[in-house]
Amino acid sequence: MADRRATNRAMFWRIIRRLFGANPGRLFVMLLALGAGAAVTAALLNLQVDAKRRLTTEFRSLGANIMITPRGSDRALESATIPESLLDRLPTQEGNVPVSRAAFLYAVAHITAYSDEGTNAARLGSGPAVITGYRYVSEDFGRIIPYRVLEGSNIVILDTDTCEMGQRVAALYHLHAAGALELKVGRTEDSCVVSEVRSFGGTEDNQIFVSMEQAQRLAGIPHQVSMIQLSVPGTPVQIKHYIETLQREFLNVEVRPIRQFTEGEAKIYNRISGLLTATVAIVLLLTGLCVMAAMTNVAMERKIDVGLMKAIGGSMRRVLRLFLAEAALLGLAGGIMGAAVGIFLSIGLGKAVFGVAARPRLIVYPVAVALTVIVAILSAFPLRRLASIRPASVFRGEA
Amino acid sequence: MFLRIVADSFGRRPRHKLLTGAALALGMGVVTAALSVSLDVGDRLAKEFRSLGANLVVTPQADSLPLEIGGVDYRPVNAGAYLPEADLPKLKTIFWHNNIIAFAPILEVRAEALPFSREGGRFGNWTGGVPIVGTWADHAVPLPDGGEFQTGVARTNPWWQIDGGWFSDGAMECVVGVAFAKKNHINVGDSISLAIGDVTKTPAPLKVMGILNSGGPEDESIVIPLSRAQSLASRPGQYRKLYISALTKPEDAFAKRDPKTFTPAEYDRWFCTPYISSIAFQIQQELPGTDVRVIRRVAEGEGQILTRVRMLLWLVTGAALLAAALAVGASSAASVIERRSEIGLMKALGAGSGTVGFLLAAEQLLLAFVGGGVGYAIGIVLARLVGGRIFGAAPEPSLIVFLVVIALAAGVTILGSAIPLHRASQYEPAPILRGE
């Protein structure tokens with residue numbers, strides 16, 4: 001009994017081997033179809049996971065989305081302050097992505113503009129203007145308030161502070177890069193050299209950006225700031241959670257989302273991720289069906305094989321099992337090769353879109369291979385229809 | 001005879017043809033759906049980005065420097081310049097007028113406020129220095145061509161949440177910021193009197209229609225119809241700031257150049273592309289004496305994200321296209337391989353390799369057209385489904401996609417069958433017919 005079973009098994013594998021070897025052209029076609037399906041499945045699944053995560057980081061090009069202000073005083077920002085040390089006590093990371101943050105201190109100063117730093121510089125005018133002291137913890141201040149540099153100079157003058165001008169205040173005083181400013185708040189006086197003229201498109205265009213130390217010195221309130229802005233990456237839910245954590249942790253300040261951006265971002269994020277999911281789902285579904293149709297086409301021509309096997313006494317179950325095993329093996333081979341190609345493809349795609357290679361997710365690989373095997377097995381099922389075939393009519397050339 | 005063989009081939013083996021056709025149709029369905037969505041998505045997403053609010057701000061050129069901290073202007077009340085409201089319909093006459101989807105003029109004043117309860121009882125006293133924002137909520141702007149354009153702050157600032165309702169234009173109604181309302185215990189249905197300077201007599205109160213939550217400095221203020229703010233500030237027909245929300249094309253390297261350095265041809269190209277800078281330029285030409293600035297925060301972020309998402313979708317489309325092409329090619333290759341004996345017979349009867357190849361190619365092409373057509377229909381339905389679910393608007397079926405799909409179907413089937421066809425034409429008929 002055991003002996004017969006062993007012989008049966010040997011025969012089974014021998015037939016399978018021969019099925020593969022018999023027609024290399026057909027084998028190639030099947031592997032191509034299955035491999036292409038597996039490659040796209042793996043690439044899209046990998047990209048889908050990665051792209052959503054990356055999108056939330058991309059949204060930070062919109063600037064800050066959370067604001068921390070002194071409690072109970074939204075309006076009189078120049079009077080109420082919060083300690084500057086808070087800036088360094090905030091959580092520095094959210095989901096492994098650093099949180100960009102900046103502190104601001106506002107004051108109204110009387111400014112006098114000069115064409116340059118020298119002793120015989122022309123006096124361009126004077127008047128009141130808002131000066132903003134700022135300090136940021138980020139690779140780029142544009143992550144907090146996006147802007148564009150209109151003019152810049154790299155002149156460094158020792159012992160002199162530099163300041164950045166908003167577009168409108170610069171235009172009003174005809175100030176250009178390398179111009180000089182005298183700042184006066186109350187009785188305190190200071191000066192700075194213009195290093196950049198920036199275009200913001202908001203109230204920042206009317207402000208003069210100076211270093212935090214200088215602003216604190218001028219305003220006479222050391223180690224205090226008016227406001228802190230944070231640019232926190234993550235999905236809308238993560239951002240909400242982050243805000244709640246801050247509210248619990250720091251009781252004497254007010255933490256609130258900048259609704260213009262959090263709401264807009266949430267809406268756009270949901271749209272884009274929905275779009276991506278839907279597109280990927282449809283492409284995967286149709287690709288699967290398409291591969292299945294191609295495979296079924298190949299399977300249907302095995303009529304004569306089935307007829308022969310039935311003629312020499314093979315039961316339909318055994319014949320079917322044979323073909324299913326063949327399909328599963330093909331699916332496995334095609335899947336393993338195709339999915340590998342697909343993962344490399346997604347790394348390249350991620351690099352092309354986001355500039356950073358997509359991190360391959362290992363879970364994607366077995367999922368893509370499994371899906372391919374399932375598609376391959378399903379596509380062998382139409383052979384079941386051949387059960388009703390009478391071997392004799394096949395050999396007579398009918399059917 | 002040629003046509004008869006083709007017709008026969010379809011009639012005799014409908015199941016085989018059906019399967020190859022199905023593979024084709026599904027593959028082309030993928031291509032159609034992905035292409036339609038990618039082609040359509042740019043405009044739709046650009047519209048979605050308008051939920052971030054206005055991307056252009058217009059201020060008077062001659063204005064003095066605003067001393068604005070935390071949304072409060074510390075300038076003396078009479079300082080600064082104003083712009084005429086009567087010029088606003090001109091916004092819809094610029095070259096890209098269809099891209100301007102909303103605008104709202106703003107006139108801010110500081111006034112004394114006196115709240116009344118619903119029953120008319122006065123509670124509290126005059127509060128000084130309350131920021132008053134005069135604007136349009138939902139206003140019909142008569143256009144020079146005779147039509148009307150509905151716009152207002154509800155459209156430029158879609159994140160503004162109103163608990164209750166907006167005021168009607170010109171009515172004695174207002175909307176109160178949530179922080180101000182909380183501080184002064186104001187509810188919907190109460191009313192507020194506003195006055196500047198002289199508070200000896202109480203002016204007719206404005207009814208509170210809703211509580212505004214903006215998350216910004218407006219939470220501390222009272223929003224009233226523009227015409228009310230104008231009469232309050234004695235500035236009839238004038239405004240100070242204009243927010244414009246425009247659909248734009250993300251700026252590329254070309255658009256970032258200074259327009260002054262353009263050659264005439266480049267200038268025309270720039271002028272006729274909806275870049276934010278060219279729209280700003282056109283608005284400035286229409287509204288003399290203004291300063292039109294791009295709100296960088298909104299515009300730059302939008303451009304960057306939009307470019308990325310578009311690229312992502314194109315790549316997904318590309319991948320889908322490739323897979324569909326490979327699967328369809330495999331399917332048509334299979335359908336040729338299985339016809340070896342038929343080819344042998346034809347050759348034995350004296351058909352040349354060219355004739356056989358031509359016959360099979362014609363069959364495949366016919367299949368490609370039918371399969372491609374059906375696939376296009378499937379794809380359009382799916383694209384409509386996706387578009388409808390996500391954007392609430394289905395992409396329009398486009399002729400270009402149809403042509404691309406049919407051409408691709410034909411190309412892929414011919415390419416897929418080319419190698420087996422070539423091999424088939426080399427067959428010697430005798431061994432095939434003998435069954436070897």
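This is a predicted model: local features need pLDDT of at least 70, side-chain atom pairs count only at pLDDT 80 or more; totals for chains, interfaces and linings use all residues.
Reader: Why is chain A called more spread out than a compact globule?

Author: Set its radius of gyration against the globule rule: for 399 residues the rule gives 21 Å, but chain A comes out at 35 Å, well over that, so the chain is more spread out than a compact globule. The C-alpha trace of chain A spans about 110 × 45 × 35 Å along its principal axes. There are two domains here, domain 1 (2-57 + 268-395) and domain 2 (65-257) of chain A, and their centres, taken over C-alpha atoms, sit 59 Å apart.

Reader: What makes up the secondary structure of chain A, and how much of the chain counts as buried?

Author: Chain A has 11 helices and 14 strands. Buried means 20 or more other C-beta atoms within 10 Å of a residue's own, and 47% of the 399 residues of chain A count as buried. As for contacts in chain A between residues at least 6 apart in sequence, 82% of them join residues at least 24 apart.

Reader: Why does the length of helix H10 (residues 364-380) of chain A agree with what its 17 residues should span?

Author: At 1.5 Å a residue, H10(A) should span 24 Å, and its end C-alpha atoms are 25 Å apart, so the two agree.

Reader: Which residues of H10(A) are buried?

Author: Among them are Val364(A), Tyr365(A), Ala368(A), Val369(A), Leu371(A) and Thr372(A). Further along H10(A), Val373(A), Val375(A), Ala376(A), Ser379(A) and Ala380(A) are buried too.

Reader: How many residues does each chain bring to the contact?

Author: Chain A brings 77 residues and chain B brings 71 residues. On the chain A side, elements giving two or more residues include helix H2 (24-58), strand E5 (100-114), strand E6 (123-137) and helix H9 (316-354) of chain A. The largest share of that side, 27 residues, comes from H7(A).

Reader: What classes of residue does the side of chain A that touches chain B have?

Author: That side of chain A has 46 nonpolar, 17 polar and 14 charged residues.

Notes:
Residues are numbered from 1 along each chain as its sequence is written. Chains are lettered from A and ligands numbered from 1 in the order in which they are written. Two residues are in contact if their C-beta atoms, placed from the backbone, lie within 7 Å. Helices (H or I, at least four residues) and strands (E, at least two) are DSSP runs, numbered from the N terminus. Ala, Val, Leu, Ile, Met, Phe, Trp, Tyr, Cys and Pro count as nonpolar, Asp, Glu, Lys and Arg as charged, and the others, Gly among them, as polar. Domain bounds come from an automatic or database domain assignment. The expected span of a helix is 1.5 Å times one less than its number of residues. A residue is buried if 20 or more other C-beta atoms lie within 10 Å of its own, exposed if 12 or fewer, and partly exposed in between; C-beta atoms are placed from the backbone. The radius of gyration is taken over C-alpha atoms; the globule rule is 2.2 Å times the number of residues to the power 0.38.
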